[in-house]
Amino acid sequence: MRSRKELKKESKKIFKRNYWRILAVSFFIAFMVGNLNMNTSKSVHSNIDRITSSTTETFEPLTFSFTKKILNKFKENKNAYKPTRGLLANLFNNLTSSENFISGLLNSLNQLLFHEKLKNGLIILLGALLSFLYWLFIKNALYVCEARFFLENHNYGKTNFKRALLPLRIKKNTKIIKTMFKAFIVEILWLVTIIGFFIKYYAYRMVPYILAENPDIKSQDVLELSENMMKNHKFDLFKLDLSFIGYQILDVLTFHLFGILFLNPLKNCVYAEYYMDLRKWAKENKIKNSDLLKDHLLDKTGEKYPSHQYLYKETNHKWLNTDYNKNYTPSSYILMFFTASMIGWFWEVGLHLFQYGEFVNRGTLHGPWIQIYGFGVVFLLISLKKIRNRPILTFISTIILCGIIEYATSWYLEVFNGMRYWDYDDFFLNIHGRICLEGLLAFGMGGCAFIYFGAPFLESLYNKIKPQIKKIICIILIIIFSIDFVYSSQFPNQGEGISQNIQQKN
């Protein structure tokens with residue numbers, strides 16, 4: 001077993017070697033399980049919040065200190081900023097008036113779906129139930145996912161974010177959940193003795209790592225193996241925990257930025273290194289059940305873990321296997337432009353019909369198309385081609401590009417036509433009423449769905465059309481659209497439910 005100093009020294013090397021991926025995984029898991037250390041003051045605003053907060057404090061997944069701090073800042077100035085339109089506005093107002101995320105979310109759903117017909121007692125019960133289910137089925141699994149990433153990162157220098165999802169892709173979720181829950185129950189039962197609780201807490205510290213290595217072990221065997229591995233090592237791990245006190249003080253002094261950017265990821269590396277040392281010791285001393293730690297690939301080195309040689313077969317979602325990197329022909333781009341423009345028209349018209357009970361042509365032109373949708377998807381397909389293999393970057397880029405397109409289009413229509421065709425003034429986080437967070441998130445998800453699924457699917461449909469017929473269809477659509485565009489330039493589609501005169505607005 002290496003000393004604490006040696007563990008930290010090696011962990012810093014590993015951390016430096018794969019910094020950005022380690023940081024991303026650590027931040028994501030901490031955010032999802034509520035372990036971001038961002039101190040905030042508490043204030044209970046109502047009985048429902050007080051009861052829900054106390055009921056869900058142990059299990060609540062998304063009441064992160066980070067989220068609470070942001071919401072509390074808005075609470076202090078809630079009269080200065082209170083959006084009134086949109087789903088996010090409703091959710092924001094409920095979150096800022098509630099003590100925790102769950103009660104705020106349920107209050108929002110109660111207003112949107114049930115028109116406040118649900119009683120407070122039922123909301124409290126649902127909040128506690130949702131928090132418990134999240135903790136049981138997702139939060140515990142995420143701890144194992146995190147452990148898996150850092151075990152592979154021990155010897156494989158280019159371990160990526162996807163490797164953290166391995167435990168979820170091998171259909172062993174039930175055993176993982178059962179084992180983590182059993183360990184929790186035992187710790188809670190020992191809580192009455194106080195000292196016994198801390199003993200069991202350290203005895204079961206290796207459970208997530210054991211499950212991350214081999215999730216097919218029986219629950220009782222996992223607990224016994226962790227206890228056997230930690231026998232005579234509990235105090236060593238306790239001292240290792242204490243050795244981070246200096247870092248934790250620095251974390252507080254830097255308003256927890258140090259923790260997010262350095263300390264939390266480093267601790268994950270250190271504990272993974274500690275497990276690997278303990279695992280080696282257990283095997284050498286032939287500790288009972290140590291033969292179940294049989295992922296021998298963890299002892300090898302390389303750039304990436306050879307996933308095809310893992311103990312269990314990973315699930316391959318065939319429905320996700322679309323060829324989104326294909327090159328589209330000019331005729332396909334033209335057809336996609338009109339398809340997306342028409343889908344956008346049906347969406348806008350249908351939404352207005354659903355909300356107000358009246359049919360209104362929502363486009364700037366007179367035909368059944370809203371060209372900003374068509375232009376947007378074609379522009380995304382062309383401009384983001386080189387980063388299609390990076391979904392997260394694609395999503396962020398889609399939001400940015402759609403925001404620029406929507407803002408520029410709104411500005412152009414206002415300046416040159418003197419009309420505003422959409423107005424986000426009362427929506428949550430809007431910029432000059434031209435774009436808002438709710439719309440950008442919808443465009444981001446919709447754009448990614450089109451890039452990865454919609455475009456390949458439409459391309460397969462277009463390929464069934466004979467080339468000559470496809471060419472004729474494109475020519476006819478372009479001619480009709482051009483006529484509509486020229487006519488609408490002189491006689492724009494406007495009126496109640498469609499546009500608003502800027503002078504009337506002001």
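**Entry 1. Helix 8 and helix 11**

I looked up how helix 8 and helix 11 cross, and the crossing is right-handed. The model I am reading is a predicted one. I then noted where the two helices sit in the chain: helix 8 covers residues 173-189 and helix 11 covers residues 219-230. Their axes come within 9 Å and cross at roughly 50 degrees. That angle makes helix 8 oblique to helix 11, because angles of 65 to 115 degrees would be needed to count as roughly perpendicular and angles under 35 degrees to count as roughly parallel.

Next I listed the residues that meet. From helix 8 they are Lys175, Lys178, Thr179, Lys182 and Ala183. From helix 11 they are Ser219, Gln220, Val222 and Leu223. I sorted the residues of this contact by type and found three nonpolar, three polar and three charged.

**Entry 2. Gln220**

Gln220 is found in helix 11.

**Entry 3. Aromatic pairs**

How many aromatic pairs does a search of the whole structure find? I got 37. I took Tyr373 and Phe443 as my example, and this pair is edge-to-face. The ring centres are 6.1 Å apart, with 65 degrees between the planes.

I looked up the accessibility of both residues. Tyr373 has a relative accessible area of 19%, so it is buried, since the limit for that word is under 20%. Phe443 has 25% and therefore counts as partly exposed.

I also noted a cluster in which ring pairs link Phe15, Tyr19, Trp20, Phe244, Tyr247, Phe258, Phe262 and Tyr271.

**Entry 4. The whole protein**

I finished with the totals. The protein has 20 helices and four strands. It has 506 residues, and buried residues make up 47% of them. For contacts I considered residues at least 6 apart in sequence, and 73% of those contacts join residues at least 24 apart.

Technical notes: Residues are numbered from 1 along each chain as its sequence is written. This is a predicted model: local features need pLDDT of at least 70, side-chain atom pairs count only at pLDDT 80 or more; totals for chains, interfaces and linings use all residues. Side-chain values use heavy atoms; hydrogens and water are left out. Axes are lines fitted to C-alpha atoms, for helices over the stretch in contact, and angles run from 0 to 180 degrees between N-to-C directions. Angles under 35 degrees count as roughly parallel, over 145 as roughly antiparallel, 65 to 115 as roughly perpendicular and the rest as oblique. A crossing is left-handed if the near helix is turned anticlockwise from the far one by less than a right angle, and right-handed if clockwise. Contact means heavy atoms within 4.5 Å. Ala, Val, Leu, Ile, Met, Phe, Trp, Tyr, Cys and Pro count as nonpolar, Asp, Glu, Lys and Arg as charged, and the others, Gly among them, as polar. Rings of Phe, Tyr and Trp (its six-membered ring) pair if their centres lie within 6.5 Å; planes under 30 degrees apart count as stacked, over 60 as edge-to-face and the rest as tilted. Buried means under 20% relative accessible area, exposed over 50%, partly exposed in between (1.4 Å probe, protein chains only).
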